[in-house]
Amino acid sequence: MRLMIDWKNEAKKYEKDYLADLKDLVAIDSSRDIEHSTDDFPLGPGPAKALEKFLAIAKRDGFVTKNIDNIVGYIEFGTGDKYFAMLGHADTVPAGKGWDTNPFQMTIEDGNVVGRGTSDDKGPALAAYYGLKMLKDNNIVPNLKIRLIIGTDEETNWTGMKRYFEVEPAPELGFSPDAEFPLINGEKGNVTFETEFKGQELPGKNTLISFNSGIKENMVPRDAEAIIDTKNGKQIASDFEKFLLSVPVTGTYEINGQQLKLEMVGKAAHGMEPKNGINAGTYLASFLHQYELDESGENFIGFIADKLQDDSRANKLGLKYTDDIMGDLTMNVGIMRYDVQDGGMVNTNFRYPKGVTVEKIQQQLQDNTAYYGGRVELIDDMVPNFVSPTDPLVTTLMNIYKSQTDQQAAEPEVVGGGTYARMMKHGVAFGALFPGAEDTMHQANEFQSINDLLLAMSIYGQSIFELTK
């Protein structure tokens, strides 16, 4: 006899409890905080506290849990040697500027939950948890052990999840609720480089004292600030005002003696598609490039303005490439730092399809940097991931999505974003952002629709049931 459950109705029953738990999770600033790391909190106290909160919710509801080194943990249901996994994360990118509300005090506006992590990934991961809870509360015994694995460093270098796969057996199959619907069966490679530049103490005609923009490699920088030592502050400020009239950014300036401070505001966005944002740092560099700067400052600014500004497909670096299935190679200029004495650093993050190698990207970047005296260092790399659209995992999840949304024409997709799905030999990314919904991941005023999160919960509940029965 086939078990019949009204998954949408079941999800609706959990709305009040779900929102209360999500509010508690959002209240924790769980961005990576190495400055305050300790032996007990290797990634800082925030990520560990968010992980522990996830596990405490599960303990409250009677699940088996395990915390591994305060950097990753899991919630377990069922028994057996083999298991099905869902991989989410409790960490977030830093809040950044531009919020209309407290990013760590979840609010409800027009049917949306607003706060850092509501969309990436506390809201979706918690929806997956409640999908699992549906099975337990309905006394459904799976034929495959199930684990919801919660990482705490997804937004940087995946320290926790990498540790998990070192000390625990790998799952047979699974999905990551950390992307978008209908389903992501392919993810581009993800590689990050840092290009370093020397500084100098000797002043020039216009000396770049400092330059700061960006907070994470996978975020388009919203804000940028530069300080220049110059005798031409009034003229440069006047030019700056005119420049702002012709570009999609805003800005302010301040003159204090011979020091001119310029500030610029663009639009933050997820680094997987830089076209969705406006990079304040590269725009500010393009403005400064017209002036005669000191040699070190000119090298730093020149590289950004000449080779990186307004070029998300890396054409100027000679890296333009498109794969028929996985799409374009993309580049995000995530962090730009400079100090007149210590020098500078530019962080570039590339999402690359199959057909491109990390060695090719690094060589082109180094060749283009040489003129400016830069030195390129590889920071981290994750290779592309692809699961056939005819694979039973994909077809099962797609059928569930279609049945619950009535979107019969939906097809799996390939994206530039990187999720934990690529860590599984047999894994995909599955929700929770629906087609047509505004993507506010990594942006100020991050939000997600409550109804969408409840629908995701319903889809996850049925998916866990179908894949483990």
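Visitor: Where does histidine 442 lie, and is it buried or exposed?

Guide: Histidine 442 sits in the loop between strand 25 and strand 26, where strands are DSSP runs of E with at least two residues, helices are runs of H or I with at least four, and both are numbered from the N terminus. Buried means under 20% relative accessible area, exposed means over 50%, and partly exposed is in between, with a 1.4 Å probe and protein chains only; histidine 442 has 2% relative accessibility and therefore counts as buried. Phi of histidine 442 is near 70°, a positive value in a residue other than glycine.

Visitor: What kind of model is this, and how are its residues numbered?

Guide: This is a predicted model, in which local features need pLDDT of at least 70 and side-chain atom pairs count only at pLDDT 80 or more, while totals for chains, interfaces and linings use all residues. Residues are numbered from 1 along each chain as its sequence is written, and side-chain values use heavy atoms, with hydrogens and water left out.

Visitor: Which other residue has a positive phi although it is not a glycine?

Guide: Asparagine 70 has a positive phi of about 60°, and it lies in the loop between strand 1 (64-68) and strand 2 (72-77).

Visitor: Which peptide bonds are cis?

Guide: One of them runs from phenylalanine 181 to proline 182, with omega near 10°, and proline 182 belongs to the loop between strand 8 (179-180) and strand 9 (184-187). Another joins glycine 431 to alanine 432, with omega near 20°, and alanine 432 is placed in strand 25 (residues 432-433).

Visitor: How many residues of helix 7 are buried, and what covers them?

Guide: An α-helix has 3.6 residues a turn, so residues three or four places apart point the same way. In helix 7 (residues 280-288), eight of the nine residues are buried, among them Tyr283, Leu284, Phe287 and Leu288. Their cover, read through contacts (heavy atoms within 4.5 Å), includes strand 11 (207-213), helix 6 (233-244) and helix 8 (295-307). At the start of helix 7, a side-chain oxygen of asparagine 279 comes to within 3.0 Å of the backbone nitrogen of glycine 281.

Visitor: Which residues does serine 449 touch?

Guide: Leaving aside residues up to four places away in sequence, serine 449 touches Gly111 and Asn112. Serine 449 is part of strand 26 (residues 447-449) and, at 17% relative accessibility, counts as buried.

Definitions and conventions: Polar contact = N/O pair within 3.5 Å; in protein donor to acceptor, adjacent residues only side chain to side chain.
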